[in-house]
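Trainee: I'd like to learn how to read a structure like this. Could you walk me through it?

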Amino acid sequence: MSARFPGDLDRRRRMSLIHEEGDRRVRMAYLSVVGSHRVNGVAKLHSRLMRETIFQDFASLWPERFINVTNGIAVRRWLKQANTGLSSLLTEKLGSAWENDLEDLERLKWAVDDAEFRQRFSAVKRANKERLANTIHQLLGIDITIDAMFDVQVKRIHEYKRQLLNLLHVVVRYQRILDDPAAPIVPRVVMFAGKAAPGYHMAKAVIKLINNVARVINSDARVGDKLKVCFLPDYDVSLAQEIMPAADLSEQISTAGMEASGTGNMKLALNGALTIGTLDGANIEIRDAVGEENIFIFGMTAEEVVAKRAQGYSPAAVLAANPELKRAIDLIESGHFTPQDLFDSKAVTDRLTADGEHFLVLADFDAYAAAQQRVDALFANPDEWTRKSVINALSMRSEEHTSELQSPR
């Protein structure tokens, strides 16, 4: 670096393999970049952010070294093994070559417009929902109707993944049902699953609040089958293999710029779930693969997130402009869902309403709620929903967008 940029001491300091400030230590990520022929992110956005932020100096030195390889999933597990009904339907139409090369699904694109295929595809989804409903009854003792939309958010519990954004929408829907029980509404079963790091106090507070909200809503006779909430315990691969094929809606709602890639979004879309999500991680490439009209994108971009934080984010201003959202926060704070301890949810609401809240949950709520209205409208048209579901399932094969999806491993 001294030879390439003579006299640029600041650049040498920034790129040094030894961190010189305070306790000297090896910068392992930098050492990895220097010692590698290629460096990739795990989604196009992630790769771009690496080049523009943490490895900017290295990318300017060796631009040819930085590439993108979007990560992928094991198709034999997440389709052939997890969804035997859909796998059999695909094999009947295509033969078995698709199991080793998802590009083969391209030959089935005609089926999107085939009413008989869509009907059989829908029947597979219904059978998968029946299986998951039985599992939920066994695990939680909750009876759910398979005519409801299965709205799924299954992933590690973390503030940037914004399970709280989903939960706030649940509370808003609950309030709307109570305000006007006779109003037409699309029934939903909202499912959460995932584990939290042992020392992550806030994540555990989120899990506790989800369970408290579920307990109240599921036992409220005024709600009935219009809304159910389930936190599925002990989330693992076996349970995931039941959830993915049964899901109607896939929640991929992380704060833009914070999800490196995600693979749950791929597993769910491959099994025919429609995605509601931010322009983050591999959501961007899924949008490109399925088409903007077949995904529900909302919220700030990664650049807008940076700008919002820089200008000073005030949750109080958001709440002042959205009485329905403020009412939901107030209901949680009132102890309605935690009558045994009125302050049980205070850590969560304090975090959501703190100035500069890093994950911008409330800031994206209006856009999220509007996207959910579009979801409801489409689900009320079953044939069109199934058409888009088929498009999603048959589009998870493009090498350009999801590099390793075609290679079972």
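**Reading the model, piece by piece**

Mentor: Let's start with one residue and its neighbours. Leaving out residues up to four places away in sequence, serine 250 touches Val152, Asn265, Leu268, Ala273, Leu274, Thr275 and Ile276. Keep in mind that this is a predicted model.

Trainee: Where does serine 250 lie, and is it buried or exposed?

Mentor: Serine 250 sits in strand S8, residues 249-252. Its relative accessibility is 0%, so serine 250 counts as buried. The side chain of serine 250 also has a polar contact of 2.8 Å with the side chain of glutamine 252.

Trainee: Okay, now helices. How do I describe two that pack together?

Mentor: For two packed helices, you give the angle between their axes and the distance between the axes. Take helix H8 (residues 163-179) and helix H17 (residues 365-379): their axes come within 11 Å and cross at roughly 65°. The crossing of H8 past H17 is right-handed.

Trainee: Which residues of H8 and H17 meet there?

Mentor: From H8 you have Leu165, Asn166, Leu168, His169, Val172 and Arg173, and they meet Phe365, Tyr368, Ala369, Gln372 and Asp376 of H17. Sorted by class, that contact has six nonpolar, three polar and two charged residues.

Trainee: What about a helix with a buried side? Which residues of helix H6 are buried?

Mentor: Here's the general idea: an α-helix has 3.6 residues a turn, so residues three or four places apart point the same way. In helix H6 (residues 84-94), the buried ones are Leu86, Ser87, Leu89, Leu90 and Leu94. Looking down the axis of H6, these buried residues fall within an arc of 160°, so they line one face of the helix. They pack against helix H5 (75-81), helix H7 (115-140), helix H11 (264-270) and helix H18 (382-395).

Trainee: How many residues of helix H10 are buried?

Mentor: Eight of the ten residues of helix H10 (residues 237-246) are buried, so H10 is largely enclosed by the rest of the structure. Among them are Leu239, Gln241, Glu242 and Met244. The buried residues of H10 pack against H5, H7, strand S5 (149-154), strand S7 (227-232) and H11.

Technical notes. Residues numbered from 1 in each chain as written. Predicted model: local features only at pLDDT ≥ 70, side-chain atom pairs only at ≥ 80, totals over all residues. Heavy atoms only, no water. Axes fitted to C-alpha atoms, helices over the stretch in contact; angles between N-to-C directions. Helix = DSSP H or I, 4+ residues; strand = E, 2+ residues; numbered from the N terminus. Left-handed = near helix turned anticlockwise from the far one by under 90°. Contact = heavy atoms within 4.5 Å. Nonpolar A, V, L, I, M, F, W, Y, C, P; charged D, E, K, R; others polar. Buried < 20%, exposed > 50% of the residue type's maximum accessible area, 1.4 Å probe, protein only. Arc of directions from axis to C-beta. Polar contact = N/O pair within 3.5 Å; in protein donor to acceptor, adjacent residues only side chain to side chain.
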